[in-house]
Each structure stands twice: as C-alpha cells, then as structure tokens.
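Trainee: I'd like to learn how to read a model like this one, feature by feature. Can we start with a single residue in a strand and work outwards?

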Amino acid sequence: MANTVNLKIDGIDVSVEAGKTVLDAAKELNIHIPTLCHHEDLCVAGNCRVCVVEQEGVKNLVASCAMPAQEGMVIHTNTHKVRNARKHVVELLLSEHNADCTKCYKNTKCELQDLASEMVISEPMFMDLVPEKNYTIDNFSPSIIKDDSKCIRCQRCVRTCHELQHVSALGVAYKGNEMKISTFFENPMYDVVCTNCGQCVIRCPTGALIEKTYLDEVWDAIYDPNKHVIVQTAPATRIALGEDLGMEAGSIVTGKMAASLRRLGFDSVLDTDFSADLTIMEEGTELLTRLKRALVDKDPTVKVPMFTSCSPGWIKFIEHMYPEYLDNLSTCKSPQQMFGALAKTYYAEKRGIDPSTIVSVSIMPCTAKKFEAARPEMRDSGFQDVDYGITTRELAVMIKQAGIDFGSIPDEKFDSIMGKSTGAAVIFGATGGVMEAALRTAYEIVTGREVPFENLNITAVRGMEGVREASVKIENVLPAWSFLEGVELKTAVAHGLTNAHQIMDAIKKGEANYHFVEVMGCPGGCVGGGGQPIPTTPEIRQKRTDAIYREDEGMEIRKSHENPEVQQIYKEFLGEPLGHKSHELLHTHYTKRKRV
Amino acid sequence: MPDKKLKRVDLIFSDDCNCKDVLAAGLKKSNEEILKEILDSGLRGRGGAGFPTGLKWKFTSQEASEEKYVVCNADEGEPGTFKDREILTRVPMKVFGGMAICGKVIGAKHGYVYLRGEYQFLRADLEKVLEEFHANIKAEGFDFQIHILMGSGAYICGEESALFESMEGKRGEPRNKPPYPTIAGFRSKPTVINNVETLVYAFMITRIGADKFQELGTADSRGSKVFSISGDTPIAGIYELELGMSLEDFVEEFGDGDTKAVQVGGASGFCVPRKKFKDTIIGFEGVPTGGSMMLFNSSRSMYNVLKNYVQFFEEESCGQCTPCRVGCQQLIKGIEAVKKGEKSITYLNTLQKLADTMKVTSKCGLGQSVANSFSSIVDNFKEEMIY
Ligand SMILES: Cc1cc2nc3c(=O)[nH]c(=O)nc-3n(C[C@H](O)[C@H](O)[C@H](O)COP(=O)(O)O)c2cc1C
Ligand code: SF4
Ligand code: SF4
Ligand code: SF4
Ligand code: SF4
Ligand code: FES
C-alpha cells in the first residue's frame, strides 16, 4: 500500500497518497483553488502564485500546486489574507496585460478572464504598465500566432514544448521586468524549430498563443457563388467537436458534424477518412515493397524501419532533428494532402467541375496541418491542394456564428464521392491507430486471412504508454509473399515528440530494431491534437480515445481495403497502389531543416 | 535593550593559525564531535537567512545518498557587501578547509565554489591555493575535490536553488521549496550550501571550540560577523565585529556625525532611522544583516535611495513569479507617481499592501524581501516620498 498522509483543509480531514500536493488534496474535497501556471500534463512551476493558501504555523502563504501534502498540515484556502493576495496577483497580471477582451480570440475561453471575473475586478488597483512595454505580435507563421501582450509568463508553453515535445522552440529570455517567452534569438516562429504542433496553444491559459484562423477566408469562399467549396473532416474531429458546443468529452458527433457543415453552406461534405483508407493502401503497399527490397533484394538504398508520415508535426520534427532519417519516412502524403490532391483532380473530373473554382477546406484536430497545406510541395493538382486547414475549434466557432443548435441538429451522412469511411480510418485519430489499420490490411494482403486478433482489435498497439512495441508473426503466406513466411514483423508506436525522440535515439544507437514505426506528433495522437477543444487532460484524451474505438466497433466496414470508394478510385483513376498516378499525386518528399 | 558594546574581533582574518594543521586536526575528529561543536557554537548562516549551520550539516549528513555536495556560495551580489571578496583574497585556505570539514561530516566527495562572475580576477590565485589544498588533503588521506564555477552576473543566482540551476547549466530561476537543498540540492542530491564566511567560522570553531565562539554575541546571535561598511562614513571598509551591539554604538564608531539612517542588510535589508538607533540591535533578534551596512547622512534623499533599491530588484528579479516581477514595476511606478503628484498620498498605503503581498506570496527570498526596504523607508521617511 502506498504511504498516505493526513491533513486538514478548511476544517475537513483528508488523506492523500504521499507525494500529492495540497492542491491535489483540496481537489479530493472538491475545494476549488484557482490556478494559472499549473497544468496536469506538466511539471510543477509554481510561478503564477495565484493558488496560494495559508498553512498554520507558516509565516508566508504557500503555493498549493507546489507544496507537497504533509502529515498534520492545517490549511486554509479561504481567508482574508489569501483572498487579498490572490486578488493582488490577478491585478498585477492584468496591469501588465493588454486586456482588450472583445478583440481577443480567447474571449470567454480564457483562464485569466475567468479569474478576473470571479474576483469581480472593476476599477484597476494598480497602474497600467502596458504603454511602456514593447510587446510584439508574431503572426508570420501559417499555424500559430504569438501575442506577447496577452502573455502572463506562466511558462506552460515552455514546459510543453520542452517536456512533451522535446523541441524547446520556446524559452524564457531576459529577466526582471523584461522577462518574456521567446524563441531562439527572438526569431519568428516560422523560422525556428517549432513543429507547429500547437501543443503550447492548447495549454496556453490566455490568448498569447493561438492558431492562425482562416474563418473569414472560409466564409468568403462559401458565400462566393462562383466557388465550389468542399470540406473534409479528419477522424479525430468527430469525437471532440461536441466539447466546444456544450457536450461531454467523448461524445461522438459524426452525424451532427456532417449536418452542420452542410448547413454552413459547404457544397460537398466529405471525409478525410476516405483518404485515410487510401493512405493505408499506399503505405501498406510501400511497407511490403520496402521489406521485399530490403529482405530479398538486399537493396542497400532501401531504408527500414519505415516511419509513418501522417502527422505534419512529426514530419517537421524529423526534418529538423533527424534529417539523416528522412529516407525512412514513408513517402505517402498525409490523408489531408492525399484528399487535397484528389479533390482538384479525381473529384473535379468525376463531378465535372473546373478545379480552379474548387476551394478545398479541411477540418483538422491540428495546427500543423495549416503549415502542411501551405508547403510548396503540396500543389500536385496544379493548384494549392488544400486551401484552408481549420481546427476543430474554428469549426465550432463557425457553427455558433451560423446559429446552429448543435445539440438538436439531426444526424446526416457524408456526401459521395470521397465521403465513405471505415473503422480503420476512424482509428487514425488515436495513437496506434495507423499501425492497427495498416496491420489489418497488410496482414490480409500477405496471408489472405484477417489479422489473428479477436474482433480485429489489435490491443497491443493501443493505449497511452509513450512508446509501445508489438510484433506480429506472419505465417502461411500467399505464394506472392513467400519471402515474408515466418517473419516476425516488429512494430513500435510513439506519440508526443518526446517519445518520438526516445524511439529515434534508440534506433540511432542501434538499440531498437523495427520494421515499421508509427509516430504521432501529439500526446494521445490526433485526439490530443493542437487544434482540438481546450482544455486537454489525460482524462479527456482517454475519453476521446474510447469514443474513437467505439466508433470503429460500430462501423459496417473496418478494413481500409474494403472501402468501396477506395476500390472504385483504384479502378477508375489510380490504377494500383504505388502506381504512376499515385506517385504523382499521393506521394511526396521531405526537406532537411536547420536545428535551431 | 542592547547589552553588548561594539567590539572588534579577529577570527576570520587572523593568521595565528596554520590552516594545514587546523584542517588535519579537524579531519581527525569524529563526525559527531564536529557536528556537536558546530551545533553548540550557535553558528548561524552568514549569507542572510541565518539558518543554524549545524542543523543544515546534520540534516544533510542524515540523508542516505551516495552522492552529496558542499557548495560555497561566493556569489556576493547584495548591494553594499564586499566582505566575501576580502575573505577569499586573504584567507582562501580557511574557506576550503571549512568545505572539507563539511564534506567529511556529510559524506561528500566534491565541493564547489560558485564564484561571482565579477570576481573572475580572483580565480587564478584561488586555483593556485587549491593545488596546495588538494595536496594537503591528500596527505591526510581524505578524498575530497573542490572545483570553482563562475557565476554570470545575475544577483538571483546567489539564491541557493537558482544557484544550483545555474551550476547545472540552466537558467538561474529559483526552485520550489520544499524540497530543501539538504535533501535535493545540486543535481537533486543532498547538498550543504553555505556562505563563504559561514564556512570560515565553521572551520575556526573546530579550532577554538564552541565555548570560545559562544562567549561572543548574544543568545540569538552567537559569535562575530564581518561587516562591509559603506556610504557616508569616513572609514568605509571591512570590519569583523561582535554581534549584538546597538546601532547607536555602531554609528558612533562609523558615522560621520550626521547619520540620518542606516540601511542594515543591503537592498533586501531594513532601513533604520536615527530615532531608532538606540533600540536597534544588530543581530538576529534585532535587525539581521548579511554584512552590508550603508550609512546615509542628511544630504541624502531617501526617495532616491528607495527608488534605487526597487529598481535594483526590478532588474534583478528572475521574473518568473507574478508578485515579484510585476510588483517591483508597480512599486517604482507608484512612488514616482506619488512624488509627481499624479497619485494621492494614500496610494502609498496601496503600495505598502502590495509590498506585504509580495512578502507572503513571492516564490523566493528576493521577492519576499523587497518589502523590507520598501516599508521601512516609506514608513520612516514618508515626507521625503511626497515632497
Ligand atoms: C536573492 C537572493 C540572493 C542571495 N545571494 C546570496 C549571496 O550572494 N551569497 C550568499 O551567501 N547567500 C545569498 N543568498 C542566501 C542563499 O540563498 C543561502 O541562504 C545561503 O547561501 C546559505 O548560506 P548560509 O546558511 O551560510 O548563510 C541569497 C538569497 C537570495 C534570496
Ligand atoms: S487573453 Fe484573456 S484576458 Fe486577455 S484579452 Fe484575451 S480574453 Fe481578455
Ligand atoms: S504564451 Fe501562454 S502559456 Fe506561454 S507563458 Fe505566455 S500565457 Fe503562459
Ligand atoms: S507549436 Fe509545438 S513545437 Fe511549436 S512552440 Fe508550440 S509546442 Fe513547441
Ligand atoms: S521572487 Fe522574484 S526572483 Fe524570486 S522567483 Fe519570484 S520572480 Fe524570481
Ligand atoms: S498554480 Fe500554483 S503557482 Fe501557479
């Protein structure tokens, strides 16, 4: 049994596990203590000081988020001294803060604003320091806007980028009154190692880090009668969107989302799931081809393990940090970009629409997808393949703007073509999902049989552990794949870039030997993406993940190669996986980038 | 009422002892014996906070870690102190001796001197003495290495946990406490961190014994202390004095006949006005000091003195925590506004309350001590703040 400690908070006895903080103990009692720098996913900072409480026998107040609960402690969370101190702290933050809430993207969704409102701050107690500050706004990145005038210096972003993502694009610069959150040499975000993952954005308590929005652009396109505006929705949006529209975490809103998009005025409501299935066809085939060339032909130019390439945060990370491994990346574009390239070719052709009039919008759980859409390589259709990538959050804003009552709107289906999905595609949204979907298909291609797991659920690759390994023994293969007979296919899955870094280091040192590695840039995979509803916690990500697997279980078709629209496109347009047309439209290459 | 008279002492700089022999004798004693001596002596830290040195050593000695450290805090950044520089220049062997004895007691094999960046010029000489020291210690069969690390000019790096961060190559930001250094200090290992002067006293106590040290000072403030005396005094400099004297005695000795206030303990200390000299004891029971004593005569503007201090904190704050980072800016802007008449006199009360909040909510000693000088100057020289 773990050690427990007993303490008293506001007169109530409570026992908690040793190592828990006073804040944790208060939570057990449902006593709310305000916090700003604290975040469940991150190490303790203890720098905002808004969570202070009184401890009997101690002269100064203590920061409850940083103070370990100790035997016999007597804590008061609601005294005159505490209230005054907290109010002072919030007043001080506001005095440094450009609090033009009505012009702020985080208005009504801001932790600082919530606190100010809770404390009923009307007339400022202190003097305004903003005029003397030389605050800057960095809005040059296609993904992320950093507005220092909204920053409360809680360092959540710094800790996120360092601890969860091993990128450290953001750090603390200067000291005293000039202390600020900065990039290397204060270069703009687009010009540093930032992966655009948006993990800092979903942990920033204020409007200091937000996604670059394309709401006006999308509305303008919708209202333009000469444009044919199509929209694709990523797997992980359908289990998270509801959170921004008043629903519980883990609500599945696929039908409501499709209905709302149609109501917003999109001309065709389509599904990234379709191209996720297509990704499996291409990537699965690529894996098998690589294995053949490596194992049978002993071709030294073929790189194994192969890494997945669906996550643009991961792509930029590897481009900066491990460029020597770029040839190990699958050449497959992400599902968003496969969809984009096909929208202005295949879709346009089939529907008889001039591709120059198509505006292609994607709804993504991701901020890095904005950057990805803008990459110069992503114009294989002859146009920018995806015009605007917007986040789950931005879609929620549009739905509110349009006056749609999301709770009551009846379910509708996606349009066709490129709207058909499978369970295999849905699970792309959770860490391990691409691996599972790929195995479901590749195993069957090679052996002619379904993967030998109950109900197709490959539980070994599921879960929240940072790095997971699984191996599948391939037996009784079809004659064409005889070289794989008896091979133990070794796979690994990592989510969050710190875990990716761990796997890469192990591979680099020769300590790990895999054939296929799935990496997702964000903790939990896309369910925890930087474009998802705020807040994010382990519990919320788990609920979203559970919803993803429920959605998979409920699907009629659960294997990518059985998606009828996928079969159709190979027949009518692409020919075969890795064929000439696929190469032209669905595959790409990567760029080495500098390390700072 | 102070009952001690001003008395000069000569323990720190005295050259009537052979450091090599004192060290050898010290290392021959048992750990219990040394700990008892340091505890009995009543020695308290000379770096400012005044924590009992014996207890610090004892706690660290009780930790069951293979890896422990002794760190000598030679960052000396408090405005108005320059005594550690003098000690390191004149008696470095005593400092190293104190570290070695501490290392023996707690079970550390490595000691570090964290030397203020501006003291780079001392380094070559210190390294030379270190060579000799390492030879001595080897002769005693004791495995202990001292290394010198340079600070980089930030006042906050004198705060012990920020100092460890800096030693570990990170940004010098104070950590949350607990855990305290005795449990998790440098590299998160049990660490004793002591001021330069504390280490020398500890070393000297192993020579003269606890009783002799006890004879000096008062119940709360045993022994003597090195003072850095500056400002409006004809005899600025370094003096070792017995603790417990009254400020009146002190001013009598060091003042220029027109002293209107003494800032005891540097920018983070307290300002005592003339009318309180008589009743103010210099020591932990009265006004404690890390050694800095600044005298001001009637030609000085206390408004300027205060502004200078707060500006110092505003710049030297690491900036991580709200009360200190923003509080300092508000205090400056506030007193300026009152002075210019843009804010009413009552705004000073608001500022005093803010200073009180900074004291109880700031993460480290820097922010916690801004109120010391702020409130003591504003309280005692209110008219100078306004007119
Ligand atoms: C802002 C700040 C600066 C400090 N600077 C120093 C310093 O320069 N030298 C020093 O010995 N202690 C300094 N201290 C105190 C140390 O944190 C620590 O208490 C001391 O080194 C312990 O040694 P002692 O017990 O021997 O006094 C500082 C504390 C604070 C809060
Ligand atoms: S960050 Fe928050 S408090 Fe600041 S302007 Fe935006 S909504 Fe208002
Ligand atoms: S940018 Fe946001 S997360 Fe980062 S320190 Fe500022 S307020 Fe905190
Ligand atoms: S977007 Fe990701 S990589 Fe870029 S600064 Fe934020 S956390 Fe770091
Ligand atoms: S009190 Fe000042 S110096 Fe100390 S941690 Fe806070 S901001 Fe940094
Ligand atoms: S939440 Fe505890 S100090 Fe910020």
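Predicted model: local features only at pLDDT ≥ 70, side-chain atom pairs only at ≥ 80, totals over all residues.

Trainee: Which residue stands opposite A:Lys8 in S2(A)?

Mentor: That's A:Asp13. S1(A) covers residues 4–9 and runs parallel to strand S5 of chain A (residues 74–76), with two bridges joining them. With strand S2 of chain A (residues 12–17), S1(A) is joined by six bridges and the direction is antiparallel.

Trainee: What should I look at where S1(A) turns into S2(A)?

Mentor: Check the facing pair and the backbone angles of the turn. A:Ile9 stands opposite A:Ile12 in S2(A). The hairpin has two residues between the strands, and A:Asp10 takes a positive phi near 50° there.

Trainee: Which residues of S1(A) are on its covered face, and which on the uncovered one?

Mentor: Read along the strand and sort the residues by face. A:Val5, A:Leu7 and A:Ile9 make up the covered face, while A:Thr4, A:Asn6 and A:Lys8 belong to the uncovered one.

Trainee: Is A:Gln55 buried or exposed?

Mentor: The cut-off for buried is under 20% relative accessible area. A:Gln55 has 14%, so it counts as buried. Its place is in strand S3 of chain A, residues 52–55. Leaving out residues up to four places away in sequence, A:Gln55 touches A:Val62, A:Met67, A:Met73, A:Val74 and A:Ile75.

Trainee: How many bridges hold S7 and S10 of chain A as a pair?

Mentor: Three, in the antiparallel sense, with S7(A) taking in residues 144–147. One facing pair to find on screen is A:Ile144 and A:Glu211, the latter in S10(A).

Trainee: And helices? Why would I call H4 of chain A largely enclosed?

Mentor: Count its buried residues. H4(A) runs over residues 156–164, and seven of its nine residues are buried, so the rest of the structure largely encloses this helix. Among the buried ones are A:Arg156, A:Arg159 and A:Leu164. Next, ask what they pack against: helix H3 (111–118), strands S8 (171–173) and S9 (180–182), S10, and helix H14 (497–508), in chain A. Just after H4(A), A:His166 has a positive phi of about 50°.

Trainee: Now the whole chain. What do I check there?

Mentor: Begin with the inventory: chain A has 17 helices and 18 strands. Then compare its radius of gyration with the value for a compact globule. For 596 residues that would be near 25 Å, and chain A has 25 Å, so the two agree. The C-alpha trace spans about 80 × 60 × 50 Å along its principal axes. In chain A, 63% of the 596 residues are buried.

Trainee: How is chain A divided into domains?

Mentor: Into domain 1 (4–78), domain 2 (91–211) and domain 3 (220–274 + 336–401). Between domain 1 and domain 3 of chain A, the C-alpha centres lie 45 Å apart.

Trainee: Over to chain B. Which residues touch the most other members of the largest nonpolar core?

Mentor: B:Met302, B:Phe374, B:Ile377 and B:Met385, in a core of 57 residues. A second, separate core of 54 residues includes B:Leu11, B:Leu23, B:Leu27 and B:Ile38.

Note on methods:
Residues numbered from 1 in each chain as written. Chains lettered and ligands numbered in written order. Heavy atoms only, no water. Core = buried A, V, L, I, M, F, W, Y, C linked by side-chain atoms within 4.5 Å. Buried < 20%, exposed > 50% of the residue type's maximum accessible area, 1.4 Å probe, protein only. Pairing = 2+ DSSP bridges. Helix = DSSP H or I, 4+ residues; strand = E, 2+ residues; numbered from the N terminus. Rg over C-alpha atoms; globule rule 2.2 N^0.38 Å. Domains from an automatic or database assignment. Contact = heavy atoms within 4.5 Å.
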